[in-house]
Amino acid sequence: MRFYWKFDDDGIVWEDVAELFRLAPLGVKDPKDIALAFSNSMFKCFVFEDDQMIGAGRALADGVNSAYLCDIAVHPDYQGLGIGKSVVNELLDMCSGHKKVILYANPGKEGFYRKMGFFPMTTAMAWFRDPEEAYEKGIILKE
């Protein structure tokens, strides 16, 4: 397997990222929305095998205090090969000057991030446009 990495979004085909997200599974997202989210992110990375996108991730960051890893996705055919771990490590390296790096894991993936040194938070809070959907997906607790 020949993997190569890209750390900017020049030439990225956003429909390919949307398909990766759908397969990973991170849900169905509009390619235009994905392009906007990545363009507004301080750090990003994409992983390819030949011309097929097999991994992606990004980080929102303020340059000093806080960074937020999001949209970490690996194609199902490539999961378990360490690509997700490599994406997270690349993003953590890019965020190394920040005091904290936050993420929220898809339900069932918490152990993956725990092994990478992330800790559960006791005070994390979130606002969702559709809290019922977030509850049904297991992302938030019902009060």
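**Cysteines, a buried arginine and a surface patch**

Cys95 is buried, with a relative accessible area of 1%. Keep in mind that this is a predicted model.

Staying with the cysteines: the structure holds 0 disulfides. For Cys95, the nearest cysteine sulfur belongs to Cys70 and lies 9.7 Å away. Cys45 counts as buried because its relative accessibility is 0%, and the cut-off for buried is under 20%.

Next, Arg58. This residue sits in strand β3, which covers residues 52-61. Is Arg58 buried or exposed? Its relative accessibility is 10%, so Arg58 counts as buried. Which side chains does the side chain of Arg58 meet in polar contacts? One is Ser41, at 2.8 Å, and another is Asp71, at 2.7 Å. Setting aside neighbours within four places in sequence, Arg58 also touches a list of residues that takes in Ala37, Phe38, Phe43 and Lys44, along with Tyr68, Leu69, Cys70, Ile72 and Leu91, and again Ser41 and Asp71.

Last, the surface. Met1, Phe3 and Leu81 make a nonpolar patch of about 330 Å². Leu81 is placed in the loop between β4 (66-74) and α3 (83-94). With 47% relative accessibility, Leu81 counts as partly exposed.

Conventions. Residues numbered from 1 in each chain as written. Predicted model: local features only at pLDDT ≥ 70, side-chain atom pairs only at ≥ 80, totals over all residues. Heavy atoms only, no water. Helix = DSSP H or I, 4+ residues; strand = E, 2+ residues; numbered from the N terminus. Buried < 20%, exposed > 50% of the residue type's maximum accessible area, 1.4 Å probe, protein only. Polar contact = N/O pair within 3.5 Å; in protein donor to acceptor, adjacent residues only side chain to side chain. Contact = heavy atoms within 4.5 Å. Patch = residues over 30% accessible without salt bridge, like charges linked within 9 Å, V, L, I, M, F, W, Y side chains within 5 Å. Areas by Shrake-Rupley, 256 points an atom, 1.4 Å probe, with all protein chains shown as cover. Salt bridge = Lys/Arg side-chain N within 4 Å of Asp/Glu carboxyl O. Disulfide = S-S within 2.5 Å.
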